Amino acid sequence: MPNTEPEWEPFSHALAAAGALNRSLVPLRQDREATVRVLGEALQTFETRDEALLLLAALGTDITEALVSPLLRTALRIRDTLRVRQLLGRLPHSAAEAAIPPAVRKLLDEASDSDDYRRMAELLDHLGLDAALHDLCIRARDSIDEEMREVAEDFDGE
């Protein structure tokens, strides 16, 4: 017999939603290519970004790994930084080490903001990608922008 106490109702709704989510993930797992494409598009839109991040958390890390570049762009938005960090933190270290540093370098090739460098330094530090963090710090240290050089001072002991 279901619990009918008033405080149980939100939990009951959440359980039903979790069950529906679990069932809806089956076709997403079966068509990985389409899932990667659609989630990549959803990450670019404010209206669907939260839901895309939620779905990524429920799917396997192979989908997350395929979306490293759009996830890094998403991580530049301060409100999404922690959630992206958590998603990328689920990757096996070897997969993170292979996929994330080149994507960070490419992202920073287009970056002009010291905050972008800081977000990426925080991510690399969190993931324990020390060599990539050191490379980022060398790059930041060579900048004419004082705030970028500050990122290097904050994250590299040299």
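Reader: Thanks! Against which helices do the buried residues of helix 3 pack?

Author: They pack against helix 2, helix 4 (61-66), helix 5 and helix 6. Do keep in mind that this is a predicted model.

Reader: Which residues of helix 3 are buried, and which are exposed?

Author: Arg49, Ala52, Leu53 and Leu56 are the buried ones. Glu47 and Leu54 are exposed, on the other side of helix 3.

Reader: Let us step back. How many helices and strands does the chain have?

Author: There are 10 helices and 0 strands. Read from the N terminus, the order of elements is α-α-α-α-α-α-α-α-α-α. Along the principal axes, the C-alpha atoms fill a box of roughly 65 × 35 × 30 Å. The chain has 158 residues, and 38% of them count as buried.

Reader: What share of the contacts with a separation of 6 or more is made by residues 24 or more positions apart?

Author: That share is 63%.

Reader: Why is Thr74 called buried?

Author: Buried means under 20% relative accessible area. Thr74 has 1%, so the label applies. This residue is found in helix 5. Leaving out residues up to four places away in sequence, Thr74 touches Leu43, Arg49, Leu53, Asp80 and Val84.

Reader: Why are Glu97 and Gly89 called partly exposed?

Author: Partly exposed covers what lies between buried, under 20%, and exposed, over 50%. Glu97, found in helix 7, has a relative accessible area of 48%, so Glu97 is partly exposed. Gly89, found in helix 6, has 43%, and therefore Gly89 is partly exposed as well. The C-alpha atoms of Glu97 and Thr35 are separated by 23 Å, and those of Gly89 and Val151 by 22 Å.

Reader: What about Asp145: where is it, and why does it count as partly exposed?

Author: Asp145 sits in the loop between helix 9 and helix 10. Its relative accessibility is 26%, so Asp145 counts as partly exposed. The C-alpha atoms of Asp145 and Ser114 are 31 residues apart along the chain and separated by 7.8 Å.

Reader: How are helix 9 and helix 10 placed relative to each other?

Author: The axes of helix 9 (residues 130-141) and helix 10 (residues 146-155) come within 7 Å and cross at roughly 145°. The crossing is left-handed. Helix 9 contributes Leu133, Leu136, Cys137, Ala140 and Arg141 to the contact, and helix 10 contributes Met148, Arg149, Val151, Ala152 and Phe155.

Reader: How many nonpolar, polar and charged residues does this contact have?

Author: It has 8 nonpolar, no polar and 2 charged residues.

Reader: How many residues are in the largest nonpolar core, and which have the most contacts inside it?

Author: The core has 42 residues, and Leu71, Leu72, Leu88, Ile100, Met120 and Leu136 have the most contacts inside it. At least two core residues come from each of helix 2 (32-43), helix 3 (46-58), helix 5 (68-75), helix 6 (81-89), helix 7 (93-109), helix 8 (114-127), helix 9 and helix 10. Helix 7 gives the largest share, 7 residues.

Reader: Which residues does Leu72 touch?

Author: Not counting residues up to four places away in sequence, Leu72 touches Leu88, Ile100, Ala103, Val104, Leu107, Met120 and Leu123. In soluble globular proteins, nonpolar side chains tend to be buried together.

Note on methods:
Residues are numbered from 1 along each chain as its sequence is written. This is a predicted model: local features need pLDDT of at least 70, side-chain atom pairs count only at pLDDT 80 or more; totals for chains, interfaces and linings use all residues. Side-chain values use heavy atoms; hydrogens and water are left out. Axes are lines fitted to C-alpha atoms, for helices over the stretch in contact, and angles run from 0 to 180 degrees between N-to-C directions. Helices (H or I, at least four residues) and strands (E, at least two) are DSSP runs, numbered from the N terminus. A crossing is left-handed if the near helix is turned anticlockwise from the far one by less than a right angle, and right-handed if clockwise. Contact means heavy atoms within 4.5 Å. Ala, Val, Leu, Ile, Met, Phe, Trp, Tyr, Cys and Pro count as nonpolar, Asp, Glu, Lys and Arg as charged, and the others, Gly among them, as polar. A nonpolar core is a set of buried Ala, Val, Leu, Ile, Met, Phe, Trp, Tyr and Cys residues joined through side-chain atoms within 4.5 Å. Buried means under 20% relative accessible area, exposed over 50%, partly exposed in between (1.4 Å probe, protein chains only).
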